[in-house]
Each structure stands twice: as C-alpha cells, then as structure tokens.
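Please keep the sequence and the structure in view while reading.

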Amino acid sequence: SSLSWCEASAERVACGRKFSEMTAPTPTAIPGFLHAENKGAIDLRNGLLAYGCGVVVVVCPVSVQLVQSLDGHKARVCQVRWAPRPPSRCSLLEDCQPLLASADTNGDVIVWDALRGERVVAIPRPSNAQALLRMHWLPQRPNLLLCAHSPGVLTLRQVSADDGAAELLWRCDYPEPLALIDFDPFVPSRVAVLAPFWSPSRVAV
C-alpha cells in the first residue's frame, strides 16, 4: 500500500541520515575519473551508494557526503554489490557491518567492511577463468556470494567477515562460453545461463 511504501521510504531516509552523522574514517584515496570499464559498477542499498572509478567510493545519498574510499584493486573496478542485510529494521545503533563486494577487470573480487575501510577478504580469479560476468549475493543467505566468470565458470563462496575467509562451496564449469546470465527475481536462489550454441540452462544455488 502507499502508506507502507511511505513508511519504508521514511525509514530509508532516516537510515541514510544516521550514516551521514557517523564519524567515518578519513578516506585514504581521492576518487578518480570514470572510465568506460567502470560502466555498471554502481549499487544503492542499506542507505549507501557505492560506485567504482579509480577506487571504490561509498557515498551517503542523503547528505551527498563521501563516507569512504576503498583502494585495493590492481585493475579497473567493473562491478560493486552490497550484501543484503538480515530482514530487520535498519538501525545503525545496532552492531552492523555492511559488506561490499567489488570486482575488477582482471576477475579478482574483494569483500570490504565498507564503513571501516577494511578489506575482509580477497578472492582471486578462479583457475582457467577470465573476466567476471556477474556477481550476486543470495538474499536468503547474505553471506553466500555467487560469481560467474568467463568463459564459463560459476562459483559459490561462503564469506565469513569474522574469519576473513571465503570458503569455496562448489564450482561449475560449462563446456561452452557463457553469453548471458541472469537471476530469477521471484526465486533469488535460481540463476539462468545461456551459451551461444545451446538453450538456456537453469541452475539452483
């Protein structure tokens, strides 16, 4: 209903204001100019906006203030994804640790503690894999990160912020290069992949 939508919107705005009032660490890098390979490297969630340029930049969209810059990639950032938070009210008074995954054109992924500006874990490109095609956190399991690399490698990892680890749960290698990959908006644990020479294939994660 419109009332519930307004309440949710007001809550997100209040959450963003709390972010802007926090004393965040001083950014360690100045955002650079955008490049064509940064296309699509943007994500808005949890009251924060993240985007990729020369570094990964986190901004409060309410106050338009720089919250943090994350410098650690050796190539241009091509994707950023916020990890979903548990289904509870957004309150920064609670002990929250917003995790952000970023990927570069080399296929390497870094998971960050975005507010503290600390790298949680670096996930190197899988063997026999190339550039990252898509990256997706599972909504029901916010600590599970699915990555699709070209030519045809799917991996699912369990990220532990406490241990600074990203355990590989499974890997799937396709015989043909993947052309398209997308996630079911109604069943978030289901992904569809398409290769040039065969019909779409469905994978349940």
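A disulfide is defined here as a pair of cysteine sulfur atoms within 2.5 Å. In general terms, a disulfide is a covalent bond between the sulfur atoms of two cysteines. The search of the whole structure finds 0 disulfides. With a relative accessibility of 2%, C53 counts as buried, a class that covers values under 20% relative accessible area, with exposed over 50% and partly exposed in between (1.4 Å probe, protein chains only). C172, at 27% relative accessibility, counts as partly exposed.

The model is predicted: local features need pLDDT of at least 70 and side-chain atom pairs count only at pLDDT 80 or more, while totals for chains, interfaces and linings use all residues. Residues are numbered from 1 along each chain as its sequence is written, and side-chain values use heavy atoms, with hydrogens and water left out.

The chain contains 1 helix and 15 strands, taken as DSSP runs numbered from the N terminus (helices H or I, at least four residues; strands E, at least two). Of its 205 residues, 41% are buried.

S102 lies in strand β6, which spans residues 99-104. The relative accessible area of S102 is 0%, so S102 is buried. Its side chain makes a polar contact with the side chain of W112 at 2.8 Å; such a contact is a pair of N or O atoms within 3.5 Å, and within protein one must be able to donate a hydrogen and the other to accept it, while residues adjacent in sequence count only if both atoms are side-chain atoms.
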